[in-house]
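Q: I have this one open and would like to go through it. Start with the terms, please.

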Amino acid sequence: MTDPFAFLDLSLPMAQRVAALDWAATPLGAIEDWPPALKVSVAMTLNSGFAQCLCWGPDHIAIYNDAFVPILGNKGDCLGLPFSVIWHEAWPSIGPIAAKAMAGESTFIRDFPLSVLRDDRGMEKAFFTFSYSPVADEAGVIRGFIDTVVETTDRVRFERRAAISNRELVHRMKNSYALVSAVVRQSARRAATVEDLTEKLLHRLEDMGQAQNILSLRGSSRATVTEVLAHVHRRLDDKGCRFLASGPEVSLTDKQTFALTLAMFELATNAVKYGALSTNEGRVVVDWSDQRDAGTRRLRLSWTERGGPPVAPPSHHGFGSLLVKQVLAAEFDGTVEVSYEPAGLHFELIAPLNGA
């Protein structure tokens, strides 16, 4: 008696499952009655190194190889089920492609988006590169098609994230260029000598580099006010013991992080040169709060200097003033107030946090 499983390589797990299934209970009928074209197609599918699923007959009964199993996710044992049942959630999209294959037309599609149901988390958007290739019998009649597929979800998502990151990087570079141009213009206006101009430029360019470091080394997808002030504290070295900063965790956008870092560095530099930290008794207190009222959130951040020399409003406003007042307010879409009280400089930022 002829062995009905002779066409199967039973060393393959999926071939063993094909041999064990009661095919008589499916539209394909008993395995010993399968036509030669079906047996050859099954053998080719099971032995392929690519993820493949053979769909046979008008019901597209599925026979797939081991490499195809991960594509199914947690759909369970789908062997012998109609392809339209296995992928019922995606059938409106892939059904017409299957119909073309059954009509003798091959299809190759790269990174095709599909909403699929493969686990308990519900529908997910996935991407596949696949081909549907018609399969004919001995008489040349199309009896089914082979789906050869590679899931490309991870690569597509990575490339899309990379594209977004690149656009953000280009935008940030343009903003940085505009800021550097403003630094050069403002510093050149007030510099008395070339040495003075060089020192100011190097100092502010270093600040910008530190701000970029915070963005690149942040602990999560967004930096926080705490991280920004921690960098300011480290920058002050031995004067850091007189720099007190406290407040809740408040996340910032990249633009807000960059602007706040530069503004805090500017205030810290002025405090060391002319303000509270220029004396042994002075101190700086920075505190902030995340205020919530009627569904809205606001950041209120203040910088207060005490114990330094008497303070008077500056005779002119340079780049530091522009940075602290205008740039910071614009990036936070908020208001900035700087008051030169005799007891010490006081700075306050109030801004919405709904988008942060």
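A: A residue counts as buried under 20% relative accessible area, exposed over 50%, and partly exposed in between (1.4 Å probe, protein chains only). This is a predicted model, so local features need pLDDT of at least 70 and side-chain atom pairs count only at pLDDT 80 or more, while totals for chains, interfaces and linings use all residues. Residues are numbered from 1 along each chain as its sequence is written, and side-chain values use heavy atoms, with hydrogens and water left out.

Q: Which residues is glutamate 341 in contact with, neighbours within four places aside?
A: Arg306, Val311 and His346, where contact means heavy atoms within 4.5 Å. The side chain of glutamate 341 also makes a polar contact of 3.4 Å with that of serine 339. A polar contact is a pair of N or O atoms within 3.5 Å; within protein, one must be able to donate a hydrogen and the other to accept it, and residues adjacent in sequence count only if both atoms are side-chain atoms.

Q: What is the strand order in the open sheet of five strands?
A: β6-β7-β8-β10-β9, with mixed pairing. Two strands pair if DSSP finds at least two bridges between them. β6 (243–246) and β9 (335–341) are at the edges with a single partner strand each, so one side of each has no neighbour in the sheet. Neighbouring strands are turned by 10 degrees against each other on average, direction ignored. Axes are lines fitted to C-alpha atoms, for helices over the stretch in contact, and angles run from 0 to 180 degrees between N-to-C directions.

Q: How many bridges join β7 to β8?
A: Eleven, and the two run antiparallel. They form a hairpin with two residues between them, and alanine 294 in the turn has a positive phi of about 55 degrees. β6 and β7 run parallel over four bridges. Valine 286 in β7 stands opposite alanine 245 and also opposite tryptophan 303 in β8. β8 and β10 are antiparallel, with seven bridges; arginine 298 faces proline 352 of β10 there.

Q: Which strands does helix α9 lie across?
A: Helix α9 (residues 254–273) lies across β7, β8 and β10, at about 15 degrees to β8.

Q: Next topic. Which residues have the most contacts inside the largest nonpolar core?
A: Trp34, Phe68 and Phe83, in a core of 47 residues. A separate, second core has 35 residues, including Phe243 and Trp288. A nonpolar core is a set of buried Ala, Val, Leu, Ile, Met, Phe, Trp, Tyr and Cys residues joined through side-chain atoms within 4.5 Å.

Q: Histidine 231: buried or exposed?
A: Buried, because its relative accessible area is 19%. Histidine 231 lies in helix α8 (residues 225–235), and its side chain reaches the backbone oxygen of glutamate 227 at 3.0 Å.

Q: And the chain totals: how many helices and strands?
A: Ten helices and ten strands. Of the 356 residues, 42% count as buried.
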